[in-house]
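Here are some short notes for a colleague opening this structure for the first time. Please read them with the model on screen.

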Amino acid sequence: MFEVVLTTDRTMMSNHHGKEFLGFIATGPPIGMPEWLWMRLAAPKVRVDELGRPIEAPYGMRKIEAVLQEAGFNAGIVDPDHLHKHLDTMKVLMLSHHDYFAYGPPSSEWWALTGLEPLNRRSFFKLMNSPTIRKAKERGVKIIAGGPAAWQWLYELELMDKWGVDVVVDGEGENVVVDLVRKALSGEPLPRYVYVGADGSPKVEEIPVIKGASVNGLVEIMRGCPRGCKFCSVTLRPLRYVPLEKILAEVEVNLRSGVKGIILHSEDVLLYHADGVRPRPEPLLRLHEEVLKRVGERGGFAWAHASLAAIKYAEDTYGLMSKLVGEYILNDHRKLLGVEVGIETGSPELVRKIMAAKSAPYPPEQWPEVVEDAFRIMHENMIVPAATVILGIPGETPDDVVKTIDLLDRLKPYRSIIVPMFFVPMGALKRGEWFLREHLTREHVDAMLKMYEHSTYWAEHIIDTYLSSAVHLPLRLLLKYFLRYVRRNVSKYRGKLEELLKK
Amino acid sequence: MSAPPINVVILSHVSPSKLLTKLAELSGRFGSRRFNIFLVRGGKAEDLEELKDLILSNYVWSISIYLLSSNDLHNLASKICGGRVVLFSSGEADPSLREHCRGNLEIEVVE
């Protein structure tokens, strides 16, 4: 039994049926079906061992677990349903989350649009109010909360006291958790808030190899991003490339644990060992060759994120996208490659203001063409992007949104999901003003409806390919039911948005 | 993680801009980008509200914020683990802190 327990709520502690994109369903409120069914769809329970240790766990938690175990602590990740097994030994409870309070994208806009509390927030509250955690707190267990959404605690200070969260760690935790846990175990005074600045981030050699499998075999290939977009927190971190041998070691950890596929994680997979923002074929081909050799023909494979400019540059300069997809990634068992990309805006003026390097090596003026070319390249190569558009970026004008609508029109022929995101103050803009539904303009509503039409049109096709196997039939049917429900009810939400505009 | 952290004790009210400027100056002077900030208020999480602007304005420095109640003040010295201390105070430094710091810590009082 563990002295230091790491956990999170069910929306995070799940492999989402082996389909990472389904995890995003937990960022919305349950609509058109009961909460338990919505939960089953988004975040089914995971397999655990006799100690309640999940076979797959969120990657960031795996890193912290590895750091603590290498430092000699009796620490481990425990599924939220099995925390009670460790109640007698637990002295420190460590929490992590991508979106504790649903203030991040895309949870915040589903919440704003529907007026209903998203599932991830409900699930986290349920965990924190659970009898096991309350009992642990009564017994003097110290609670340390971290992860990518740690910043959200600054907006929920009362809950910090109510739930007895002793420390919040905001930033990369590898270099600070050992000292914090040591202090917590020895009863020394603890800071309430720790911000890990760029200088405190670990060097690549200080980042350990995970010791257990990550959710859907996610493996980090680099940290940080060189593009410097002002709305993004990742870009504030130093850029580090993970050596291939370390990546392969983590691939092996996952495959040995029975995970059936690998997701390469980076803010921009194509920039792995790139020449600045210009992708280089050699490191990318080697990376894919070595990883896919291990994954095998039947294993799953995806990228976390890629940038549109890198996709265009890689294909136009080296034919690299066709080569990677055609020769390494797709086959009879892997029929598409999923990836998240950022459009953010269709306005070159706004690109220049807030993400001047997003279009690099192409100039900001060329951004709409870069986006369209990249979408065409992905469509031709069966790469299916889940793309984001940010509404309400500081400095945005109605004309900027009109340009985004024009660009969305040009993207119609390309297989993709495009979702609106309301601006959330993060990164270099973290002191900025939140974009709330009260700030919606006619142009925003038009842009959102355009994205809705685009995504519901393509979703049907994508669901058929993404969930083509017989085991996924119930999921496929559920999602199609949901899609039909959304189509039937869109007029209701359109009406609500119109009402907001009149106020 | 090279130079030791700089300890900053906040007893009196200090504006976020004044605090930011002071931290930048201290960072330059002592060659450290790590700070321990001891905020002496009610010892509650809500006290962090006072430093929210500082946290949201920063992404370079590593900052650990300790929240102390005024009852904790006499124990403050034991919580400070070495290095330099900068005290934001409208008056004299707490005597126990002065006592503890004599000889091994350098105290600078900022009114």
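1. A definition comes first. A residue counts as buried if 20 or more other C-beta atoms lie within 10 Å of its own. Keep in mind that this is a predicted model.

2. Start with helix H7 of chain A, residues 177–186. Val177(A), Leu180(A), Val181(A) and Ala184(A) are buried there. Viewed down the axis of H7(A), these buried residues fall within an arc of 95 degrees, so they line one face of the helix.

3. What covers that face? The cover over the buried residues of H7(A) includes strands S1 (4–7), S4 (92–96), S5 (142–146) and S6 (165–170) of chain A, along with helix H2 (59–70) of chain A. Just after H7(A) comes Gly187(A), with a positive phi of about 75 degrees.

4. Next, look at a helix pair in chain A. The axes of H10 (residues 308–318) and H13 (residues 367–380) come within 8 Å. They cross at roughly 65 degrees, and the crossing is left-handed.

5. Which residues make this contact? H10(A) supplies Leu308(A), Ala309(A), Ile311(A), Lys312(A) and Glu315(A). H13(A) supplies Val370(A), Val371(A), Asp373(A), Ala374(A), Ile377(A) and Met378(A). The set divides into eight nonpolar, three charged and no polar residues.

6. Now turn to chain B. It has four helices and five strands. Along the sequence they follow the pattern β-α-β-α-β-α-β-α-β. Of the 111 residues in chain B, 36% are buried. Among contacts in chain B with a separation of 6 or more, 67% join residues 24 or more positions apart.

Definitions and conventions:
Residues numbered from 1 in each chain as written. Chains lettered and ligands numbered in written order. Predicted model: local features only at pLDDT ≥ 70, side-chain atom pairs only at ≥ 80, totals over all residues. Helix = DSSP H or I, 4+ residues; strand = E, 2+ residues; numbered from the N terminus. Buried ≥ 20, exposed ≤ 12 C-beta atoms within 10 Å, placed from the backbone. Contact = placed C-beta atoms within 7 Å. Axes fitted to C-alpha atoms, helices over the stretch in contact; angles between N-to-C directions. Left-handed = near helix turned anticlockwise from the far one by under 90°. Nonpolar A, V, L, I, M, F, W, Y, C, P; charged D, E, K, R; others polar. Arc of directions from axis to C-beta.
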